[in-house]
Amino acid sequence: MPLLRALLRDPQAKDFLRGQCALSLAQMHATEALEDIVAQVQQDSLYYLKIDAIRALGTMGDARAQPVLLDCLRHAHPRVRDEAAEALTQMGTASVLPALRERLSAEKDVSVRGRINWAIGEIERRAKRGR
């Protein structure tokens with residue numbers, strides 16, 4: 001795991017490799033890498049690396065990542081916004097519903113609006129079941 005984390009943080013590593021490191025760490029449930037993956041979302045300028053890191057956060061399911069995912073709902077690239085809504089569906093608690101509803105009303109992209117609407121429904125259903 002230390003090598004994966006080092007590669008994830010290495011700006012000289014190939015983009016594909018950095019993205020795969022984030023996804024691999026998530027599949028290993030390496031919660032100690034959460035901050036590294038969050039940093040990739042926040043600091044990387046390449047939208048496709050953000051997407052890999054967002055997917056990793058969704059897979060990890062750690063609610064501590066919710067604030068950065070909510071921030072991603074305002075990203076310029078619609079795929080980043082779409083993936084953030086998907087990741088929130090995987091981990092989101094009812095506490096994110098007001099922010100999702102706010103973004104739903106402001107979102108211009110039809111596909112992203114659909115994903116946010118779906119996320120709201122899934123989180124509401126999970127909250128009703130007590131999960």
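Visitor: Let us start with His29: is it buried or exposed, and what is its relative accessible area?

Guide: His29 is exposed, with a relative accessible area of 53% (exposed means over 50%, buried under 20% and partly exposed in between, with a 1.4 Å probe and protein chains only). Before we go on, this is a predicted model, where local features need pLDDT of at least 70 and side-chain atom pairs count only at pLDDT 80 or more, while totals for chains, interfaces and linings use all residues. Residues are numbered from 1 along each chain as its sequence is written, and side-chain values use heavy atoms, leaving out hydrogens and water.

His29 sits in the loop that runs between α2 and α3 (helices are DSSP runs of H or I with at least four residues, numbered from the N terminus). Its backbone is worth a look too: His29 is not a glycine, yet its phi is positive, about 55°. Most residues other than glycine have a negative phi.

Leu34, Asp36, Ile37, Val38, Gln40 and Val41 are the buried residues of α3, so a charged side chain, Asp36, is found among them. These buried residues pack against α1 (2–9), α2 (15–27), α4 and α5 (66–72). From α3, Leu34, Ile37, Val38, Gln40, Val41, Gln42 and Gln43 meet Leu49, Lys50, Ala53, Ile54, Ala56, Leu57 and Met60 of α4 (contact means heavy atoms within 4.5 Å). By class, ten residues of this contact are nonpolar, three polar and one charged (Ala, Val, Leu, Ile, Met, Phe, Trp, Tyr, Cys and Pro are nonpolar, Asp, Glu, Lys and Arg charged, the others, Gly among them, polar).

Ala85 belongs to α6 and is buried, with a relative accessible area of 0%. Not counting residues up to four places away in sequence, Ala85 touches Leu73, Arg115, Ile116 and Ala119. Between Ala85 and Cys72 there are 8.6 Å in space, C-alpha to C-alpha, and the two are 13 residues apart in sequence. Thr89, also found in α6, is buried at 6% relative accessible area. Leaving aside neighbours within four places, Thr89 contacts Trp118, Ala119, Glu122, Ile123 and Arg126.

Leu97, Leu100, Arg101, Arg103, Leu104 and Ser105 of α7 meet Arg113, Ile116, Asn117, Ala119, Ile120, Ile123 and Glu124 of α8. Seven nonpolar, two polar and four charged residues make up this contact. Within α7, the buried residues are Leu97, Leu100, Arg103 and Leu104. Viewed down the helix axis, they fall within an arc of 125°, so they line one face of α7 (the arc uses directions from the axis to the C-beta atoms). Their cover includes α6 (78–91) and α8, while the face turned away from this buried side carries the exposed Pro98 and Ser105.

Conventions: Helices (H or I, at least four residues) and strands (E, at least two) are DSSP runs, numbered from the N terminus.
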